[in-house]
Amino acid sequence: MSEHDNLPERSSGSSPVDLSKGHVEGTGGLPARFDNPGLPAHVHRHGDDDDAAARRSERQVAGLFVLSMLATVGFAVAYFAIDKNSTVTLPLVGVTNALHVALGVTLGLSLLGIGLGAVHWAKTLMSDEEVVEERHVLRSDDEARQGAIDVLTEGGESAQIRRRPLIVYTLGGALGLFAVPLGLQLVGSLGPLPKNDLSTTLWSTRIGQRDGKGGRKRKLMRDPEGTAIRLTDVTLGSVFHVLPEGINETEHPLNEKVKASVILVRLEESKIRSQRQRDWGIDGVVAYSKICTHVGCPVGLYEQQTHHLLCPCHQSTFDMTDDCKVIFGPAKRPLPQLKISVDTEGYLVADQGFAEPVGPSFWERG
């Protein structure tokens with residue numbers, strides 16, 4: 001018995017090869033040229049000869065596009081009309097959010113109408129003639145390019161775009177309205193506009209103020225102890241993390257803390273180089289925003305010898321002896337100063353809010 005007796009037979013190239021039977025040796029008998037399989041024959045449609053059938057198909061396609069438009073309008077209505085907390089019970093699903101169901105169903109019908117309309121249009125009205133082009137060099141000559149333009153033009157004519165304006169108009173309406181749900185979700189789900197929230201802090205208001213009038217100045221409170229600070233408490237070398245009085249009674253205290261955080265220190269007045277810094281402080285005690293003007297990280301390090309404030313996120317460094325100007329790092333603006341004074345009881349209070357928005361740049365600020 002030969003050692004090759006148990007091997008699979010050689011392949012002649014004329015039958016399928018079973019790869020599970022081990023190695024298969026070919027005979028090199030591949031055909032020089034494969035037969036052209038040809039193209040499927042044209043299937044005759046009623047609309048090819050019957051103009052009434054073609055118009056009926058046109059109305060059906062237009063109806064599907066109109067269905068898409070109505071579903072898109074339904075999406076917009078449901079978005080505003082259905083309460084986001086309302087529920088509905090569905091078979092096999094149970095209790096689920098009614099708004100989500102309405103948005104999903106209307107958006108699905110909108111897309112389904114466009115898809116079915118396009119398919120029905122192609123199946124019943126567009127030309128289904130298939131054309132095979134032989135391979136050629138990538139760069140076509142001018143005559144061939146003009147021929148391509150003619151083919152596209154002829155294709156547009158065979159699609160009956162000019163003859164069926166109803167389809168064109170309804171398709172344009174369906175596709176145009178279909179962008180509404182996407183834009184509506186994007187814009188409508190962003191929440192309320194910030195108005196001037198990014199430009200103001202709690203320091204700009206007073207305790208007991210009504211209609212922008214009256215009230216008393218807010219005290220500087222230790223964070224997190226929540227106790228007021230006397231001028232005599234701030235000695236050389238002291239550093240206080242400060243928040244405005246009454247911040248925990250606001251509607252959104254965390255949002256207010258992010259903007260109103262302040263660092264309070266006492267400097268030797270002889271080392272202060274900015275006249276405004278002296279005027280806005282008192283006896284060398286100055287208060288500056290703790291929010292870095294680069295990307296809004298809290299300034300977390302204070303060098304007592306150099307009087308530099310350092311942001312640990314990206315190493316922006318501010319000089320407290322020169323109005324907190326940037327001396328290193330990616331920040332582009334000095335830290336805003338809070339104007340302070342002392343009330344009749346000796347407590348530090350804010351005379352006014354920051355003269356400019358705190359933190360990094362935003363759209364209106366530039």
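What percentage of contacts in the protein between residues at least 6 apart in sequence join residues at least 24 apart? Among such contacts, where contact means heavy atoms within 4.5 Å, the share is 56%. The legends below describe a predicted model, in which local features need pLDDT of at least 70 and side-chain atom pairs count only at pLDDT 80 or more, while totals for chains, interfaces and linings use all residues. Residues are numbered from 1 along each chain as its sequence is written, and side-chain values use heavy atoms, with hydrogens and water left out.

**View 1. The protein as a whole.** The protein has seven helices and 13 strands, taken as DSSP runs numbered from the N terminus (helices: H or I, at least four residues; strands: E, at least two). Of its 366 residues, 33% count as buried, a class that means under 20% relative accessible area, as against over 50% for exposed and partly exposed in between (1.4 Å probe, protein chains only). The protein exposes about 23,700 Å², of which carbon and sulfur atoms supply 57%, by the Shrake-Rupley method with a 1.4 Å probe.

View 2. The strands follow the order 7-8-9-10 with antiparallel pairing, two strands being paired if DSSP finds at least two bridges between them. Strand 7 (301-303) and strand 10 (325-328) stand at the edges, and because each has a single partner strand, one side of each is left without a neighbour in the sheet. Neighbouring strands of this sheet are turned by 30° against each other on average, direction ignored, with axes given by lines fitted to C-alpha atoms. Within the sheet, strand 8 (residues 308-310) and strand 9 (residues 317-319) pair in the antiparallel sense over three bridges, and the bridge partner of His 308 in strand 9 is Asp 319.

**View 3. The disulfide of Cys 297 and Cys 313.** A disulfide, defined as a pair of cysteine sulfur atoms within 2.5 Å, joins Cys 297 to Cys 313 at an S to S distance of 2.3 Å. The link of Cys 297 and Cys 313 is left-handed, with -105° about the S-S bond. Cys 297 lies in the loop between strand 6 (285-289) and strand 7, and Cys 313 in the loop between strand 8 and strand 9, so the pair ties together parts that are 16 residues apart in sequence. Cys 297 is buried at 14% relative accessibility, whereas Cys 313 is partly exposed at 35%.

**View 4. Cys 311 and Cys 324.** The closest cysteine sulfur to that of Cys 311 belongs to Cys 292, at 3.9 Å, too far for a bond. Cys 311 counts as buried at 2% relative accessibility, and Cys 324 counts as buried at 0%.

Methods:
Axes fitted to C-alpha atoms, helices over the stretch in contact; angles between N-to-C directions.
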